Amino acid sequence: MTTVQDIHPRIGRTAARRSALRRVLTAREISIVFALAVLVAVTAGVRPAFVHSQSIRDILLGAAIVAVLAVGQTVVMITRSVDLSVGSILGLSAYAAGTVLSDHPGLPVVLALVLGMAVGACCGVINGLLVRFGNVPALVVTLGTLYMFRGVAYLWADGEQIYADELPGGFLKLGTASLLGVPYLVVIALIVMVVVGVVLRNYPVGRQLYAMGSSPPGARLAGIPVGRRLLGAFVVSGTLAGLAGVLFAARFGTIDASAGNGYELNVVAAAVVGGVAVAGGVGTVWGAALGALLLTTISSALAVLNINQFWQQAIVGALILLAIGIDRLIALRVAAALKKEGSNVR
Amino acid sequence: MPPDSTGPLLHVHNVSKSFGVVAAVRDVSIPVYAGEAHALVGENGAGKSTIVKMLAGVHRPDTGSIDLAGRPLDLRSPADARAAGIAVIYQEPTLFPDLSVAENIAMTRPPRGRFGMIDRHRAARTAADLFARLGVEIDPARPARGLSIADQQIVEIAKALSMDTRVLVMDEPTAALTSVEVERLFAVARSLLEQGTAIVFISHRFEEITALCARVTVMRDGQHVSTDLMADLDVDEIVRRMVGRDLSALHPQRTAAPGEVMLQVEGLGRDGVFEDVSFTVRSGEIVALAGLVGSGRSEVVQAVFGVDRRDRGTVRVGGQRLRPNSPRAAMSAGLALVPEDRRLQGLVMDASIQRNVTLPRAGSLARVGLLLGGAERRSAEEWATRLQTKYHRLSDAVSTLSGGNQQKVVLAKWLATMPRVLIIDEPTRGIDVGTKAEVHRLISGLATDGVAVVVVSSELPEVLSLADRVLVMREGRLVRELDRDEATEESVMFAAVGQGPQPAATAESASTATSEPAPELEVSR
Amino acid sequence: MSADVSVDVSVDVSADASAPGRPGAPERAVRAGGPVRPVTAVLARLAGWDVAVIALAALVIVLASVFVDNFGSSRNFTFLVLDLLPIVLIALPMTFVIATGEIDLSVASVLGLSSAVMGYLWNQGMTIETIIPLCVLLGAALGAVNGLFVTALGLPSLAVTIGTLALYRGLAFVVLGDTAVADFPSSYTSWVTGTIGGTSIPNVAIIIVALAVVFGVLLHATPIGRWTFAAGAGEQAARFAGVRIPMLKFWLYVATGAVAGLTGVLWTLRYSSARADNGSGLELAVVAAVLLGGVSIFGGRGTLPGVLGGVVLLASLQNALRLSDVSNEALNIVVGALLVASVLLPNVTQAVRAGTDRFRRRHSHPTGSPPLTAAPR
């Protein structure tokens, strides 16, 4: 049994251990950047055209949309929930924006963005209310609303499609034009990342979300308004999915009710690959965004390398398994390291 | 308005609370005065925890009120309780493992800097200051994950100190602490009392209650029994009021006639947990495994039974070597383990009494693989009756039973496997005095019938009255073997702590230290 | 489950403060000494969730027969059974998986990969008699992969099976691309779509009944069933009672995969078309049916008759709406809504029950002081 007197020599060691812990925590972001670099280098080695500015632009545009979704997913996942309905919300919002803009071509682009986000927010409110007041796992609720929102989109579209030439040019420019060489879509995604990232890291609300995922009973006892925060997380996720829907519409121009079908998989994959824990409490928007970039780059590289496009989905699945497997191993390592450090009192 | 200086700071006023048809608390009043520690005592199920949860804002009273400084409080949530200045320290810490220690402390009221952002440096400094005040070194920047229970408890206390706490509620905060840690906690508590804080203190250790508290409220069956100045009562009187009757000698005497060696453990080891544990148990013999919490007692018996990993060593039952890591192999060799944590390890709480009693034997009760024709029901009925379990229907969820009857279900479940070696970890934790005596008689009877019994217990009187031999563990090693005549409270404690008598705590209080939640009051006088 | 958002606020759950169980579970008993009314207790058990679902399914069938043209026709009955075939088959092992507190979202992808491999092997000239057992084995192997990730690595099954959902479906496309293989022997395809003798009962009903009996007995009258429920309701206690939980879960995943593989074969034969996207999204209907049947998403509770009731309710509702010219996509709204309702309703009924309890208590003690607050939980 160790007494109080024995502990003081340990102080130096704890500081060293802390930096070791930090290395583990940032390892995920670094390893994704590394994987990206290797992927780009190899692909460019085989097909130099891969690093052509047009192709990089395409990757960034695609990644921007998934990244916006992944940021919203991060907010939900750190509370130990999941939102599987984001792909359907994207579809609904894209179709809503497309319909309104083709009917009223004079509308300002900003209004389209607001409209899409409002549609998404409504869907998020539905998810959030069901999860909060139904006392039901988010997985089941959002699996249900995934199909419900998609069904609404199908009912509304009734087999119709919206084509690019029906949409105002100003709106389509949102998807193609750049600001100082950086595409608007990327700018918007970066703004979303910075805002959400700062809130999650530096504001009480953000830390409360982490706390909720880290220990749900503890969060309740700490007086965190768990129900309201959870509802809020789903509204944020829905709103960002709505925003992504408008960006989708602007980028592709052609929209039908199936827009964004299956995106939820890519989004969850991006977040999980980016280090957001399925069990909550851990993860950053930066990691999730990097995950989105990696997935998009992989799919472009497959195309460039003339590898069967059908591999893409399989790779997404394999990456999810790889990411959660690695997370598990790291967690076991860290737990073992902390155990060895032992108690500070005994 | 200024608080009434003569009246109680916190007044629990005629509160009642029911869950479904069960009344947990009926018409209880407790006056808690500023600058005074108020002990709340009672057996398990007396309603202490419900009172704590009402103070914490987790439950709202059905009737009655909670007044602070003469004004009724409406505590709708833990946040309300916090805002009113009531801080609660639970026996099981409620930290966020993924957040840093400093963040855990600052969670409720984080210091704000630029643009309303959290000022991390200030939060870390505050945490460091609080730890300095408590006399501990915990790195504020490390994650809470991996802290020992004692460290977590310290962080909880720092959390309560960081807020303007007028009433500090401590629900068995010392259960997992060593006597040194308890002393430090009490020093902090006393300085809070001097500053005019009121403390509600729940503990099952009378030494601590007499050391800290000025007033004591006894509860029984959800009802208020009495509130007195501590000076006006002695411990015997408190115990009498808690159980509602006089205590008589409970422990049976037994003449031991040990037979052949049934259980033989040799060189058992698990990295970082226990090392080089060897002992034997003969049929008809009761061997107690004693030691402080964290000395590795439960870990050893769980490794013997095979639910936990073991890295070295062998276990033989009746001469036959056991396969490691296989509770099944242990069961078929005739080993049974009544585990320490009844709710988690002993019972499937939502499942019926019948399913619980027959779960380990589902395979052997089946005929051609099928469980038909009421074989389970008959067997469950037989064993529940043998142990005089009080229940309504066998199909009732086991969670509806009282603690004592739940323990009887666990015992029925394992006795029905007809074990040759029975290991019982904390046989009477959280059960009432009457049932306790029944369990002791049962254990003696089993030994008389030739079963080899291993008892792990934190309660020294229980160890001393039951055991033929006492094995004492310290820091993962078997350090002492004591025969019945050698074993006294002193000799066992000396071996357990590896030093002379401790000035701060008596032998018994140190021995009842447990790392698991022990929501009941141990009546071990 | 990792996506569990329910928050248990109790720190030490005192014996007298446990929350009332989900309906469908044995009625919470009054503690010894309290008033006991056996008649109401028996009624409450009869009126369990599974019975309610079966009654509801019967009601839908009766109403649809009356109000929906052709619903009651014998031809439609055949179609109805064929439509619910894949859902009911996969729901059988899925009931076990969910009862242990896990989930398998990859079943539809296993079905798709089985179908794609079936087409591929047929194109390679292999005989159908070899292909069918191979596809079932393939399904079992895919299930084993899920099981290994969940049990050996201890990963959350939700995350694992979302991963394999993508992986297996992706592999299905890799195997077959977006082509279809259609020229399967008509003796097999016509057996799957055919009926028994002169009746309108499809041949595949034999498979449904056989597997339902096997899984039903397994769940309710064998040690495996006991272990399954114990693992879901109290994992540690089950482990301490000698239940080999990892092994149990592993084999449940294998069984789920094997059945999904078989279902892939039957699906392919029924539509005479092996495609990589066969059965896409079916996992939703399966999970919905199982939960609708009263199996708790948190594990530990459920009955197989209830699940069968859930499948019939879902399938007959879909069938009736389709006959009423509701589009396939819109049907998804119904499936999604049923899924949400199936997890929401138990909570609602529980709240209602708690409310009536309070009401009864308040009025049975007229002398007691009135409660100050309603204190909803």
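pLDDT is the predictor's confidence in each residue, on a scale from 0 to 100. The term is needed throughout this tour, since the model on the screen is predicted.

**Stop 1: the ends of chain A**

Colour chain A by pLDDT and select residues 342-346. The pLDDT stays under 50 over this stretch of chain A. The model gives residues 342-346 of chain A 18 contacts beyond four places in sequence. Now select residues 1-18 of chain A, where pLDDT is also under 50. For residues 1-18 of chain A the model has 17 contacts beyond four places in sequence.

Which element of chain A has the lowest mean pLDDT, and which the highest? Helix H1 of chain A, residues 11-46, has the lowest, at 69, while H10(A) has the highest, at 95.

**Stop 2: chain A as a whole**

Switch to a cartoon view of chain A. The chain holds 13 helices and 2 strands. Of its 346 residues, 54% count as buried. Consider next the contacts in chain A with a separation of 6 or more: residues 24 or more positions apart account for 79% of them.

**Stop 3: helix H10 of chain A**

Select residues 226-252 of chain A. This is helix H10, with 27 residues. From its first C-alpha to its last, H10(A) reaches 39 Å, close to the 39 Å expected at 1.5 Å a residue. Is H10(A) largely enclosed or exposed? Because 22 of its 27 residues are buried, H10(A) is largely enclosed by the rest of the structure. Step to the residue just after the helix, Gly253(A), which takes a positive phi of about 75 degrees.

**Stop 4: where chain C touches chain A**

Show chains A and C together. How many residues does each chain bring to the contact? Chain A brings 50 residues and chain C brings 47. On the side of chain C that touches chain A, the elements giving two or more residues are helix H6 (157-176), helix H12 (282-292) and helix H14 (328-364) of chain C. Select H6(C) among these, as H6(C) gives the most to that side, with 14 residues. Colouring by residue type divides the side of chain C that touches chain A into 32 nonpolar, 11 polar and 4 charged residues.

**Stop 5: chain B as a whole**

Buried residues make up 58% of the 525 residues in chain B. Among contacts in chain B between residues at least 6 apart in sequence, 68% join residues at least 24 apart.

Colour chain B by its domain assignment. Domain 1 covers 10-95 + 147-243, and domain 2 covers 261-334 + 419-511. The C-alpha centres of these two domains of chain B lie 34 Å apart.

Return to the pLDDT colouring for a moment. Chain B has a mean pLDDT of 82, with 88% of its residues at 70 or more. Residues 246-251 of chain B have pLDDT below 50, and this stretch has 10 contacts in the model beyond near neighbours in sequence. Residues 500-525 of chain B are also below 50, and that stretch has 81 such contacts.

**Stop 6: Asp171 in chain B**

Select Asp171(B), which lies in strand S7 (residues 167-171) of chain B. Why does Asp171(B) count as buried? It has 26 C-beta neighbours inside 10 Å, so Asp171(B) counts as buried; the cut-off is 20 or more. Leaving aside residues up to four places away in sequence, Asp171(B) touches Ser49(B), Val52(B), Val88(B), Ile89(B), Tyr90(B), Gln91(B) and Ile202(B).

**Stop 7**

Select residues 469-474 of chain B, which form strand S19. S19(B) is mostly covered, with 5 of its 6 residues buried. Two pairings can be followed from here.

- Strand S13 (residues 286-291) of chain B pairs with S19(B) in the parallel sense over 5 bridges. Gly291(B) stands opposite Met473(B) in S19(B).
- Strand S20 (residues 477-483) of chain B runs antiparallel to S19(B), joined by 6 bridges. Here Met473(B) stands opposite Leu478(B) in S20(B).

Finish at the turn. S19(B) and S20(B) form a hairpin with 2 residues between them. In that turn, Glu475(B) has a positive phi of about 45 degrees.

Definitions and conventions: Residues are numbered from 1 along each chain as its sequence is written. Chains are lettered from A and ligands numbered from 1 in the order in which they are written. This is a predicted model: local features need pLDDT of at least 70, side-chain atom pairs count only at pLDDT 80 or more; totals for chains, interfaces and linings use all residues. Helices (H or I, at least four residues) and strands (E, at least two) are DSSP runs, numbered from the N terminus. The expected span of a helix is 1.5 Å times one less than its number of residues. A residue is buried if 20 or more other C-beta atoms lie within 10 Å of its own, exposed if 12 or fewer, and partly exposed in between; C-beta atoms are placed from the backbone. Two residues are in contact if their C-beta atoms, placed from the backbone, lie within 7 Å. Ala, Val, Leu, Ile, Met, Phe, Trp, Tyr, Cys and Pro count as nonpolar, Asp, Glu, Lys and Arg as charged, and the others, Gly among them, as polar. Two strands pair if DSSP finds at least two bridges between them. Domain bounds come from an automatic or database domain assignment.
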